[in-house]
Amino acid sequence: MDGMFSQLSVLGSSLVLIFGLILLWRRGVTAYIAAFRWQSIVLALVTAIVAYFAADHELYWVAGALLLLKGVVIPGLLKRMERRFPAERELDPYVNTATSLVVAGLLVLFGYAITRPLVALSQLPTRAGMPLAMGLVLVSLFVVISRKKALTQVVGFLMLENGLALLAILGTYGIPLIVELGVFLDVLMGFLVMQIFIYQIHETFESIDVEQLNHLRH
Amino acid sequence: MRAYVLQVTQATLALLLAPGLVGLIRWMKARLQNRRGAPMWQPYAELRKLFQKEVIVSSNASWVFRAAPFLVFSSTVAVTLLVPILAVPLPFDRVGDLLVVVYLLLLGTFFLALAGLDVGSPFGGMGASREMTVAALAEPAIALAIFALALSAGSTNLGQIVARTLAHPGTALSPGHLLAFGALFVVTLAETGRLPIDNPATHLELTMIHEAMVLEYSGRYLALIEWAAATKLLIFFSLLGNLFIPWGVAVALTPATVAIAVFSLLAKFIVLAGTVAVLETRIAKLRLFRVPELLSVSFLLGLLAVTSSFLLR
């Protein structure tokens, strides 16, 4: 029973990480949004699996909220944003694809290295997935700093949040529902604020390329 | 004795089925694209025709050009003796493990590239240089995918990997195995010249890789090369099917288990061929400069597979 639980949770975490890595290989905003949507759906599934095996009913609500907010609402808003900037579909990163894939591999290894004490300390059957969640956190940070378009940075940030949520679920079977709801509200608010920022950047520069922000100094 | 008979039967079966497998993919692709398509046995007819045709060799060609088809074909035949296609453990398991299999296949690729360079035609050289680029990039990915399997089985012996997965069915769903499957699948497409990397359906285009190398061949030489290429596809398919989903492979050598093995093998081939056909219908060929990116995706999958099999052992 525990073996199967651990197997399923690791499998789910690997999928969540893979959807994060897809960002590094695909170009184009549509692919980014789809990857984020699928990642959130898998994350909700992992939460539901933990809820089932740990017999924690509150986690079902968390899974439902995850599915609704990150699987439906935010991807929908992202889609709307994408439609407003039709010229910005092609994304050019600072680091080329092959290099960023290798860097991502190293980051995941680094994630394994730094979560080693955490995994050794934990007794939960889900502990084996924690390095993958940490890997996702690091990879999404890398996405945020290596992409030029503001929209992709937002997707990177949202994936970072997914990574943290996964880490919390695997490490402690989730935080109390009330805190979780607060986090969701924060994510939604943060996302809306970033959306306004992006519209403003677009107003000022007619582009959402963040390199343009350098012109502000002059 | 019985095991040796089975070994030879397996190799013969592989050689006989290989053109049919290529024909099956072509037929499925044609149906998916709303064409009637050539029948599945078309490649057999093509091979027969080529074997009867006269061989024409360029006057610039050296012995490498004449020897290459035989080397390519015989190295592929040697591999069919080592890979668990129908049963484990095979008596030849002692001779070679996964690494030998991969490098025997690469030996064939190497001689094919040499032959492409040998005649000095521009297409041959171009194809050879591209093939070597792809092979050099695919190689680390194959090695990592293999190490992931070898780590979880504790051995690079193919028979032991299969036996270990059969004994612990849960490992077939472990992330290490799934990621390694993804890595090996991409490499299979690259090594056998399937669609996102090379288009098997076209001749005389600037983007071709495999076809450019073998452009100078004719008659029975071409037949041997085509047959070897089809067999290579079958070998990669049986690696994918039998190493990762080993159910159906005969463990005891009774007529019943061997019959089950043959049927499960055919079922796996049909599923894999269907996957490749759907994939080739849905996606376009990648630009040559994006091929290294795809192969580094495969490398990354392999790396993650190794990490997770190593750390979750």
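Residues are numbered from 1 along each chain as its sequence is written, with chains lettered from A in the order in which they are written. Because the model is predicted, local features need pLDDT of at least 70 and side-chain atom pairs count only at pLDDT 80 or more, while totals for chains, interfaces and linings use all residues.

**Stop one: chain A, residues 150-172.** Select helix α6(A) (helices are DSSP runs of H or I, at least four residues, numbered from the N terminus). Step on to Y173(A), which follows the helix and has a positive phi, near 55 degrees.

**Stop two: where B meets A.** Here 15 residues of chain B are in contact with 17 of chain A (C-beta atoms, placed from the backbone, within 7 Å). On the chain B side, α7 (175-191) and α11 (291-311) each supply at least two residues. α11(B) gives the most, with 9 residues.

**Stop three: α5(B) and α6(B).** Select residues 122-153 and 158-167 of chain B; these helices' axes come within 9 Å and cross at roughly 60 degrees (axes are lines fitted to C-alpha atoms over the stretch in contact, and angles run from 0 to 180 degrees between N-to-C directions). Show L149(B), A150(B) and A153(B) of α5(B) against Q160(B), I161(B) and R164(B) of α6(B): they make the contact.

Note on methods. The expected span of a helix is 1.5 Å times one less than its number of residues. Two residues are in contact if their C-beta atoms, placed from the backbone, lie within 7 Å.
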